[in-house]
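This briefing is intended to be read beside the sequence and the coordinates.

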Amino acid sequence: MSSERRGFRFWLGRNDVVHNHPSQNRNNLRKIKERIAGRGFFLATWFPLAVLLAIVIALLVRTWPLLGVVSPWEILSGQTWKPLQGLFGMFPFIAGTLWVTLVAMVLAVPPCLLSAIYLAEYARPRVREAAKPLLDLLAAIPSVVYGVWGLVAIVPLVQWLSPRVSGAFGFLPFLRSSNPTGFSILAGGIVLAVMVAPFIIAVTYEVLRSVPAGGREASLAIGATRWQTIKYAVLPQSRAGISAGIVFGVSRALGETMAVLMVVGNVSKVPSSIFDPAYPLPALIANNYGEMMSIPLYDSALLGAALVLLLVVLFFNIISALALRRITGRTQV
Amino acid sequence: MNKRVWQATVAILILAVVLTGCGGKSADQQSGELSGTITISGAWALYPMMTRWAEEFKKLNPKVEFDVSAGGAGKGMTDALSDIVDIGMVSRDITPEEEGKGAFWVAVTKDAVLPVINAQNPVLQDLLSKGLTRQALIDIYITGQIKTWGEAVGRPEVTTPINVYTRSDAAGAPETWAKYLGKKQEDLLGLGVFGDPGLLDAVIKDPNGIGFNNLGYAFDNQTGNPVAGAVVLPIDVNEDGKADADEVLETKAETVQAVATGKYPSPPARAENLVTNGPPTGLIKAFIEWILNDGQKFVDEAGFVQLTKEQLDASMQKLK
């Protein structure tokens, strides 16, 4: 009978506390699973960092032959890019990258913040539900489409705008126009601003929505207006998150290639006005990718340009992370 | 739910395997029938000709698929050498460095790069009656000494600036144009616009613009006239101070004639090359051989210039 009972328990009692043995096994299995999962997450976290490191190393290795001929300082500060004559000055490209990005951010950030605040704080749910997918859609448009749009709409607009602005505000050097065409930093900046807007809005919106309702309710309860509530109760808590959103937008703007390339004019001269043409680093790489095989050191120079671009983006990210830590007094962004 | 996910995953995997199976190229030895996919990229100049060839070749060999894309001669070269495509279209000379990296090339046809101005140019009549000499073009494109249209035609009272456009992407047309002016693409002044169509568009939109285009883009394929809004700028080849009848290129046919007879200088006329990574074999070789023989019938109607028989024979010889 006992053996019969045991058999019965054996089949039915797998979860029965009476049987220590199988349940202990289960515990071990759980621990192993837990450990494997932990390891998996660890690897998943470090893998992208390893990839970044691998990219930097690969670029460095390929740039090395160039560094043997030209000093890094000459590459970063040189004004002339004529690889066939052995001149590899990348300063006009670095300046072009920064100019276009700066103009884009000046144009994009204020309206994006206002739009995100509106969507998160003011808009009725129905408006929000209609507007959000549309903004997300903006992020999904391929960059070459933005480029064509820039060519058709923005370049002529800037061409129309530049003599007028230059005539009225020409006493400011950065608004003086000597370029009779619309291919300019401003055109690139406008296209870029539209491209990064959905990203900045999306991040800012999420950050604002994640601020707990308590502060808001308390502020409104003591008679503050909506704007006062936003200004004193919501924004101070979301400063770090909003900055992160802007940094994200800048990083995207620094690297955007095709759309900018099509409208920015691609002249390798250091610009001095928003109406000047510029030549950002990604455009340099994309335009000359085809010549890589033809001239000695050219591929080295182009990969050097990629390395410089990567360093510019990294430098910017690190600086902004440090600045953010200063502002918020926190280590986490 | 879980089951759905599994089913979807399996379906996608099966689809992926099936689609991968579609690739591959082979010349079926037993039936002699050609099959497979030929991928081609490169020069904007050769693109219209290549799509025509692909179309005709496909009529004869229905099992052959083509994937042709344009992206500039440099892209064609790099893609071919890094095995991204089977054939690269390169509309400039192949450098010794590229040959050193395994580039095998044959010339298949000929065309030209033409200077293009806007039809509303402020000194259009002067330009059409006098043309511009090579030296004037050098002063516009290389040294930047000529800055206004008035200076270009010797009428100092006209002070409209010349808006110089060039190509931003590394390509055969700017390289050939720069070669004509004694320099390299990196020495060309002007605003860089991406692609052949982009450059033409910029000039059409700008009455003070000057650019350069491949034969196939400067002229409308249907009518044989220059694309609306653009005019081909006559080059005063013999430098007699006027544009002679054979220097004014008003239609595609005239231009093809001028290139074929050598009246139009070379460069900017140039041979169009096909590049493979090492000598081609199988299907790719068969296709290139067809281009050099039967394919030549379509060259005229596509608006390109036939190579001489000696040049074609040399290309065939090289393939063997």
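A residue is called buried when its relative accessible area is under 20%, exposed when that area is over 50%, and partly exposed in between. The model described here is a predicted one. With those cut-offs, A:Asn27 counts as partly exposed because its relative accessibility is 38%.

**A:Asn27 in chain A**

- A:Asn27 lies in helix H2 of chain A, which covers residues 20-69.
- Along the chain, A:Asn27 and A:Pro282 are 255 residues apart, and 54 Å separates their C-alpha atoms.

**Extent of the interface**

- Chain B contributes 27 residues to the contact and chain A contributes 26 residues.
- About 2,200 Å² is buried between chain B and chain A, and carbon and sulfur atoms give 58% of that area.
- Of the area that chain B buries against chain A, 26% is supplied by B:Thr78, B:Glu186 and B:Leu191, more than by any other three residues.

**Polar and charged contacts across the interface**

- The rule finds one salt bridge across the interface of chain B and chain A.
- A:Lys82 and B:Asp187 form a salt bridge in which the closest N and O atoms are 3.2 Å apart.
- Seven residue pairs, with both residues at pLDDT 80 or more, are in polar contact between chain B and chain A.

**The side of chain B that touches chain A**

- At least two residues of this side come from each of helix H3 (73-81), helix H4 (96-100), strand S6 (163-167), strand S7 (191-193) and helix H9 (196-205) of chain B.
- H3(B) provides the largest share of this side, with five residues.
- Sorted by class, this side of chain B holds 12 charged, eight nonpolar and seven polar residues.

**Strand S6 of chain B**

- S6(B), one of the elements that supply residues to the side touching chain A, is mostly covered, with five of its five residues buried.
- In a regular strand, side chains alternate between the two faces of the sheet.
- In S6(B), B:Asn163, B:Tyr165 and B:Arg167 point one way, whereas B:Val164 and B:Thr166 point the other way, and all are buried.
- S6(B) pairs in the parallel sense with strand S8 (residues 209-214) of chain B over two bridges, and B:Asn163 stands opposite B:Gly209 in S8(B).
- S6(B) also runs parallel to S7(B), to which three bridges join it; B:Thr166 has B:Gly192 of S7(B) as its bridge partner.

Technical notes. Residues numbered from 1 in each chain as written. Chains lettered and ligands numbered in written order. Predicted model: local features only at pLDDT ≥ 70, side-chain atom pairs only at ≥ 80, totals over all residues. Heavy atoms only, no water. Contact = heavy atoms within 4.5 Å. Buried area = accessible area lost by both parts, 1.4 Å probe. Salt bridge = Lys/Arg side-chain N within 4 Å of Asp/Glu carboxyl O. Polar contact = N/O pair within 3.5 Å; in protein donor to acceptor, adjacent residues only side chain to side chain. Helix = DSSP H or I, 4+ residues; strand = E, 2+ residues; numbered from the N terminus. Nonpolar A, V, L, I, M, F, W, Y, C, P; charged D, E, K, R; others polar. Buried < 20%, exposed > 50% of the residue type's maximum accessible area, 1.4 Å probe, protein only. Pairing = 2+ DSSP bridges.
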